[in-house]
Amino acid sequence: MEGMELQKIEGRLSDRTTSNEEGGEAPKKSKQGGWITFPFIIGTMTGLSLVAGGWASNLIVYLITEYNVKSITATKINNIVLGCYSLFPVVGAIIADSFLGSFPVVAIFSFVSLLGMIMFTLSTTIHSLRPARCVIGSSMCEAPSNVQYAVLYMTLGLASLGLGGTRFTIASLGAEQFDKTKDQGIFFNWYFFTLYFANLISFSVIVYIEDNVGWGLGFGICAIANVIGLALFLLGKPFYRQVKPKGSPFTSLARVMVAAIRKRKILGTFGSPDYYFGTTGVLKMEAGASTKSLRFLNRAALITEGDKQLDGSYTGSWTLCTIEEVEDLKTIIRIIPVWSTGIFLSVTIGIFSSLTTLQALTMNRHLGPHFKIPAGSFLLFNLLATAVSIFIIDRFLIPTWKNLTRRTLTPLQRIGIGHIINILGLVSSALIEIRRLHVVQTHSRIDQPGLVVPMSAMWLVVPLSIMGIGEGFHFPGSIALYYQEFPMSLKSTSTTMVSLLLAIGLYLSPAIMDLVDQITGWLPDDINDGRLDNVYWVLVVIGVVNFGYYLICAKYFKYQQNVEENDRHSELAP
């Protein structure tokens with residue numbers, strides 16, 4: 001999922017750059033901004049990414065070992081938290097774009113993140129804030145008290161808010177410091193590198209310290225990294241170029257709905273002269289006028305006597321919108337079916353990631369006689385597979401495909417390939433779990449909670465890598481589709497659509513796990529007594545059905561922008 005960060009932020013960058021170019025505005029010279037801000041922003045990003053990886057990647061293990069939370073319950077809490085920090089970036093982006101601007105949002109939420117890390121550190125060092133330790137999976141473990149649960153949920157809430165409010169907004173702030181697209185591209189390359197480098201350290205070094213030295217030291221290091229990142233960010237304030245908020249892009253969409261409903265009783269056949277194009281959009285929109293689909297919404301742009309101002313002019317309001325605003329809303333409605341296919345894919349990814357960590361806890365994680373891989377570090381293989389696959393796809397696969405077929409690989413094709421690879425990854429997980437359960441039965445490890453199955457956890461690298469490759473196809477393809485098809489006024493919104501579907505999918509995954517467990521009993525607290533293989537087969541079925549739904553949506557989806565034509569324009573551009 002980290003593999004889509006670059007494309008998300010580049011979408012928000014392009015919106016700002018393109019709008020300036022279309023308006024014929026030359027970039028204004030300013031004493032603020034430029035490369036002098038780079039060390040402050042990248043340093044802050046490094047610190048905050050270390051913090052995020054340090055607690056989020058090892059959360060399941062933390063809940064099980066420190067709070068005696070049952071394994072399946074821990075996965076559900078983990079998925080809800082993941083859903084929160086996938087949703088909060090959308091909220092952070094809206095707050096930054098509509099009300100406060102990027103700098104205040106990053107500063108405020110960096111401090112919130114610090115509060116979360118202080119709470120994490122205190123909860124591991126003050127014994128009264130957590131229950132007494134016991135053997136993992138034992139029925140005799142002391143459950144957390146209401147106060148301890150309250151402290152835990154407050155800590156997770158602060159940490160999630162801190163991560164969500166800074167992750168994308170700080171990249172947008174970085175883009176605002178540069179006028180040239182080339183400089184912005186270089187910045188994003190470094191942003192992407194920093195994100196992966198920090199996650200690499202978090203998933204390996206910090207997680208290893210938490211598992212083998214102490215949770216207090218691991219969280220303490222994260223808190224120090226947060227302090228350093230926040231200090232660097234504030235020190236750079238005199239150098240930052242701060243862009244004023246532009247207002248919420250959702251207001252115009254709401255206006256279209258309200259205006260269309262108000263004029264729902266107006267009957268007749270109308271042509272272009274009857275619609276309102278605004279003061280700047282006449283030449284741009286009148287040639288195509290309104291599209292034939294979703295005609296009801298066209299009423300929002302229908303000019304009536306009641307829309308006339310005292311001076312005889314017309315202006316946009318909650319009773320009259322431009323045709324362009326109407327078409328913007330139509331575009332979003334048309335793309336929703338394709339977008340919705342990513343929700344169940346996100347569900348399978350969320351459940352897969354959580355169950356894989358539980359599998360790793362029960363398997364032999366030793367590399368040699370002295371080194372033991374932390375269970376939370378196995379997700380690093382998924383991250384690496386996504387990063388490598390994105391590089392190979394962009395640098396080799398797409399150019400090769402274009403040379404062989406004389407056509408580019410469309411976003412819909414990339415999404416479809418991602419769906420197929422995701423299903424193959426789930427099949428491999430089911431087969432490996434069948435093998436793991438066979439080893440459990442062979443060595444009579446049933447009803448012995450906490451014991452390690454004599455099977456190498458490195459087998460889990462196979463499905464993790466396959467799923468990572470699938471994400472490398474699906475998520476960048478989704479972002480490319482949304483950014484390509486969304487109207488110019490909503491480019492920033494388009495890049496947060498993937499975060500939104502991830503959040504919905506991760507929120508749904510605990511509910512689906514609950515439903516499966518209540519009906520089948522396949523998910524006991526000791527997974528050695530369960531049937532995780534059957535759960536994976538259920539996910540395979542969901543994936544296949546969802547892929548069929550995707551094929552139907554893709555078949556009837558029509559690009560508003562010509563992909564081939566856009567590519568030719570890009571190649572001819574100086």
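Trainee: Which residues do ring pairs link into a cluster?
Mentor: Ring pairs join Trp55, Tyr62, Tyr67, Phe120, Trp215 and Phe219. Rings of Phe, Tyr and Trp (its six-membered ring) pair if their centres lie within 6.5 Å; planes under 30 degrees apart count as stacked, over 60 as edge-to-face and the rest as tilted. The model is predicted: local features need pLDDT of at least 70, side-chain atom pairs count only at pLDDT 80 or more, and totals for chains, interfaces and linings use all residues. Residues are numbered from 1 along each chain as its sequence is written, and side-chain values use heavy atoms, leaving out hydrogens and water.

Trainee: How many aromatic pairs are found in the whole structure?
Mentor: The search finds 17. Among them, Phe40 and Phe239 are stacked, at 5.6 Å centre to centre with 15° between the planes.

Trainee: Which parts does that pair tie together?
Mentor: Phe40 lies in helix H2 (residues 38-56) and Phe239 in the loop between helix H9 (215-235) and helix H10 (250-262), so the pair ties together parts 199 residues apart in sequence. Helices (H or I, at least four residues) and strands (E, at least two) are DSSP runs, numbered from the N terminus.

Trainee: Is Phe40 buried or exposed?
Mentor: Phe40 is buried, at 16% relative accessibility, while Phe239 is partly exposed at 31%. Buried means under 20% relative accessible area, exposed over 50%, partly exposed in between (1.4 Å probe, protein chains only).

Trainee: Changing topic, where is Pro524 found?
Mentor: Pro524 sits in the loop between helix H17 (497-520) and helix H18 (532-556). Its C-alpha is 8.4 Å from that of Ser71, 453 residues apart in sequence.
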